[in-house]
Amino acid sequence: MEGLKKKNLLGMDVDEFLSELQPYGIKKFRARQIAEWIYQKGVHDFSDMTNLPKALRGELDDRYVLTPVTEAKKLESSDGHTTKFLFCFEDGTSVETVLMRQPYGNSICVSTQAGCNMGCAFCASTLHGSTRDLSTGEIIAQALAVNDYLRAEGGRVDHIVVMGSGEPMLNYDNVIHFLHIAHEEYALGISYRNMTVSTSGIIPGIHRLAEENIPITLSISLHAPEDELRSELMPVNRKYPLPELIRAGKAYGDKTKRRVTYEYILIDEVNDTPRHAAELAELLRGQLASVNLIPINPVTERDFRRPSTDRIEAFRRALEDSHISVTVRKEMGADINAACGQLRNRYLERA
Ligand code: SAH
């Protein structure tokens, strides 16, 4: 096979293995064994798949690879709870993946695109370089690499949050395929209830996800309670304005019976006044929803500041008093720049 580029098997499910490996006459149980080695046991080498016939292992090795990510950088937060990885793919593209050790398990935040085109004013992912969709294999490779890392401490990935760089709804097929594989028992065995997909508000994507009939948590990045401000902060709002977005969120909750989370970054004197809190409460009244307040991670390239603790608390209380379920995001990994895209930007700037 000298000279021929070997095909990457990462990103295929059992049915895809079956059709891809048809020339070798493999049966479903074999395809499943292969999947278990790759996704569950994290084996990188066909020769280590000891329950496969030796000849098959040789054939696989001749024609296929399991292309992992390479770790360009790894940062540990001082409290030991957060680890941030900068992973590189074969073409040199890099993305960030974050591991958060939560009281309820290990949660990873995966990226779905390298860079991002959404142009949100407060976000570092949008600042640099070209954007491309990640393949299913590249998304799952992030989870496998973190699993390799956790294996050493006897842990594994328990929760998946699709909230790294990129807009998942614009890479829908690869993202949903990734989540399906992650859910399979032969792969990561993660329940859909332990998965969250976050969107900047691509309404057709929200409807599509609702139709999948799987109980994934939907998270909508809201960040402003009225159209004018939201359009300034998030250009996507011009295409998919607030009232329709809120209706789509409500429909998602009604269909899936899952509580929709609205992410709301608090930016000092931009969207954090009592008037904003009242408008936000009004917008979400009667919906199966909760608000996650995120004191902004200031991005050096942008002039947005984090509000004082008093202002954050006043905003939270105003929502609570209006009977809106609300949490303030616990800050994790600020000392390692866990805000979206910040590590990658540093890396790109040096390159
Ligand atoms: N495109 C998707 C998912 C990636 S962004 C989305 O918009 O939801 C993930 C989350 O990080 C979003 O809620 C986004 O608004 C938030 N975020 C981006 N920049 C941030 C910053 N500087 N501080 C805090 N949160 C930020």
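Predicted model: local features only at pLDDT ≥ 70, side-chain atom pairs only at ≥ 80, totals over all residues.
Residues are numbered from 1 along each chain as its sequence is written, and side-chain values use heavy atoms, with hydrogens and water left out.

1. Helix α11 covers residues 309–321, and α10 packs against α11 at an angle of about 35° with the axes 9 Å apart. Axes here are lines fitted to C-alpha atoms, for helices over the stretch in contact, and angles run from 0 to 180 degrees between N-to-C directions. Helices are DSSP runs (H or I, at least four residues), strands are runs of E (at least two), and both are numbered from the N terminus.

2. Who touches whom there? On the α10 side you'll find H276, A277, L280 and A281, which meet F315, A318 and L319 of α11 (contact means heavy atoms within 4.5 Å). Sorted by class, that contact has 6 nonpolar residues, 1 polar and no charged. For the classes, Ala, Val, Leu, Ile, Met, Phe, Trp, Tyr, Cys and Pro count as nonpolar, Asp, Glu, Lys and Arg as charged, and the others, Gly among them, as polar.

3. Now look at another helix pair: α5 (residues 172–183) and α6 (residues 203–211) pack with their axes 12 Å apart, at an angle of about 30°. That makes α5 roughly parallel to α6 (angles under 35 degrees count as roughly parallel, over 145 as roughly antiparallel, 65 to 115 as roughly perpendicular and the rest as oblique). Y172, D173 and I176 of α5 meet G205, R208 and L209 of α6. This contact includes 3 nonpolar, 1 polar and 2 charged residues. The crossing of α5 and α6 is right-handed.

4. N271 is worth a look. It sits in the loop between β12 (260–266) and α10 (274–284), and N271 is buried, at 0% relative accessible area (buried is under 20%, exposed over 50%, partly exposed in between, with a 1.4 Å probe and protein chains only). A polar atom of the N271 side chain lies 2.8 Å from the backbone oxygen of H223, and one lies 2.8 Å from the backbone nitrogen of I267. Beyond its neighbours within four places in sequence, N271 is in contact with H223, L229, Y264, I265, L266, H276 and F315.

5. The loop between β12 and α10 also holds E269, which is exposed at 58% relative accessible area. E269 is not a glycine, yet has a positive phi of about 60°. N213, in the loop between α6 and β11 (217–221), has a positive phi near 60° and is not a glycine either. N213 is exposed, with a relative accessible area of 59%.

6. Last stop, R101 in strand β5 (residues 94–102). R101 counts as buried at 17% relative accessibility. Its side chain makes a polar contact of 3.1 Å with the side chain of T83 (a pair of N or O atoms within 3.5 Å; within protein, one must be able to donate a hydrogen and the other to accept it, and residues adjacent in sequence count only if both atoms are side-chain atoms). The R101 side chain also reaches the backbone oxygen of G80, at 3.3 Å.

Note on methods
Left-handed = near helix turned anticlockwise from the far one by under 90°.
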